[in-house]
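Please look at the model below and follow the explanation with the structure in view. The paragraphs go through it step by step.

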Amino acid sequence: MTKTTTKSEQLLTHKTECLILFCIEEKTPSGKLAELDTKLKGILNSSFKNKRFQGKLNQTLLLNAAKPMRADHLLLVGLGEELVVTADKLRQAAGTAAKLAEKSKFKTISFYIPAENSAKDVYVGLDQPNDSFSQTVVEGSLLSLYHFDEYKQPAKEKPNRINQITLLAHAKSQVSSIRSAVSRGRKLASAVATSRDLISQPSNTATPSYLAGKAKELAKSFGMNCKVLSTRDMKQLGMGALLGVSKGSEEPPAFIILEHHGGTKNDPPIVIVGKGITFDTGGISLKPPANMDEMKMDMSGGSITLGTLNAAAALKIPLNIVGLVPASENMPSGTAIKPGDILKSMSGKTIEVLNTDAEGRLILADALTYAARYKPKALINLATLTGAVIVALGHQAAAVLGNNDELATRLQQCGEVTGERLWPLPIWPEHEKAMKSDIADLKNIASPGVGAGTITAGAFLKAFVGELPWCHLDIAGTSWSGEERPYTPKGASGFGVRLLIRFLEQEAKNAQSS
Ligand code: BES
Ligand code: MN
Ligand code: ZN
């Protein structure tokens, strides 16, 4: 990951290849920008006047800086209208600027961090005054500069990488608080990168055993407990649903348990469960070939779970947090489960498998049952569960479903700030009824014509959580990005890590004050 440093120096005397300034949308430059413009012979003013740059969100203007500035280049990046600047717009602008600087072949860049109370500065409209400006800038820039390039042979002409990001404090007194915010931003970006790496890995590398190995590595590096259940353990526990899915594959399944003990000994934990299908062919209900390669990302929920535990441990969140990842391939073969087969889950409930491509809910059923052993304060699961969520919400939001509106609302509010949108869907008694089988306790898909694929999947999961406060996030539409976004390169987004960390930190605060 790119290095970051914090310094306090005057704008004019700071030496860097590229000095980045955040600007709100206005007709003519004001505040710090106007001050600078008097030294730059009015080039900023004329750029605004000619509408080359007006500070619109993610708009950029790259200028050659001139004496008396010691920077080589000046990069303006817009935050949009003053009163509606949000933390996520700042994150986007930072990402946009860093990415442009990288493409422009700069190696060292600097972000100017303005004073919190200076007139017309970019703090004015920020929706969350407590969200550190610097942390958000670090998140946005580091996340945008992420690359997954371990399979590329070194090219003759190496693509440019930024070596160093400097945060330029407006005053010496700010340096130490900026430094701690930067350190937090780095930990978050690093955990998101861990998740993105896992999701990006092809399935011939990222097998269930590989995920288990990564979890053990993380546990060792960050002081967590890790245990991996083998096929034998699963048999003993009666995890017939998970074992049923893995039966078609030569790769053994794994049930990963990662624990961060940040709270007191008997404090009930928050349990996070992530779907870990390392490749989803659909099984005997085989998927069509187009875009099947993307199904290497079907362990996104599991990867986000590991990344979240990584960040929670790195940030030393004073809570007990457990991550559970049921991991398996979903393959067609002579040993695979077939439509019509009935599996007995760990809960004792029997499941008629009418479609082997609805495998995520099967492995989650056993993981949710296992989660109940912890008597968790809250149970949150993440899964690339249904294509239907893309029909409902596209790629702009994940669906949140569950049995506890308060928990759902809190998660949604966290995502609003972190730029990981959630949108609620209901689970009504009719949906739960639609998952009842004629010959077993449940069936894994509803009858044709019921519709609401994301909801019926949620209704199925609900049968395994009982009274525990629970939410399910369907991240099938948000985990993988087909296009480059301001701080998300094409491919794995890492959606969910920062949202969950925000939630966990709030939870820790609430626990301390009560
Ligand atoms: N992993 C898929 C869901 C998915 C679709 C993830 C698109 C990412 C992008 C899941 O296991 C699946 O196959 N779901 C089926 C359910 C159906 C058989 C009821 C689906 O959505 O088609
Ligand atoms: Mn499937
Ligand atoms: Zn799947």
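Is aspartate 357 buried, partly exposed or exposed? Aspartate 357 counts as partly exposed because its relative accessibility is 22%; here buried means under 20% relative accessible area, exposed means over 50%, and partly exposed lies in between, with a 1.4 Å probe and protein chains only. This is a predicted model, in which local features need pLDDT of at least 70 and side-chain atom pairs count only at pLDDT 80 or more, while totals for chains, interfaces and linings use all residues. Residues are numbered from 1 along each chain as its sequence is written, chains are lettered from A and ligands numbered from 1 in the order in which they are written, and side-chain values use heavy atoms, with hydrogens and water left out.

Donors are N, O and S atoms within 2.8 Å of the metal (3.2 Å for Na, K and Ca); water is not among the atoms, so sites may look incomplete. Aspartate 280 lies in strand S10, whereas aspartate 357 lies in the loop between strand S13 (350-352) and helix H10 (360-371), so the pair ties together parts that are 77 residues apart in sequence. Helices (H or I, at least four residues) and strands (E, at least two) are DSSP runs, numbered from the N terminus. Aspartate 280 is buried, because its relative accessibility is 3%.

Aspartate 280 also coordinates the zinc ion (ligand 3), which lies 3.2 Å from the manganese ion (ligand 2). The zinc ion is coordinated by Lys275 (NZ), Asp280 (OD), Asp298 (OD) and Glu359 (OE), at 2.0 to 2.4 Å. Lysine 275 is buried at 2% relative accessibility, and aspartate 298 is buried with a relative accessible area of 2%.

Aspartate 298 also takes part in the surroundings of ligand 1. The number of residues around this ligand is 16, and the closest are Lys287, Asp298, Asp357, Glu359 and Gly387; a residue is counted if one of its heavy atoms lies within 4 Å. A polar side-chain atom of aspartate 298 is 2.9 Å from a nitrogen atom of ligand 1, and a backbone N or O atom of threonine 384 is 3.3 Å from a nitrogen atom of the ligand. Such a polar contact is a pair of N or O atoms within 3.5 Å; within protein, one must be able to donate a hydrogen and the other to accept it, and residues adjacent in sequence count only if both atoms are side-chain atoms.
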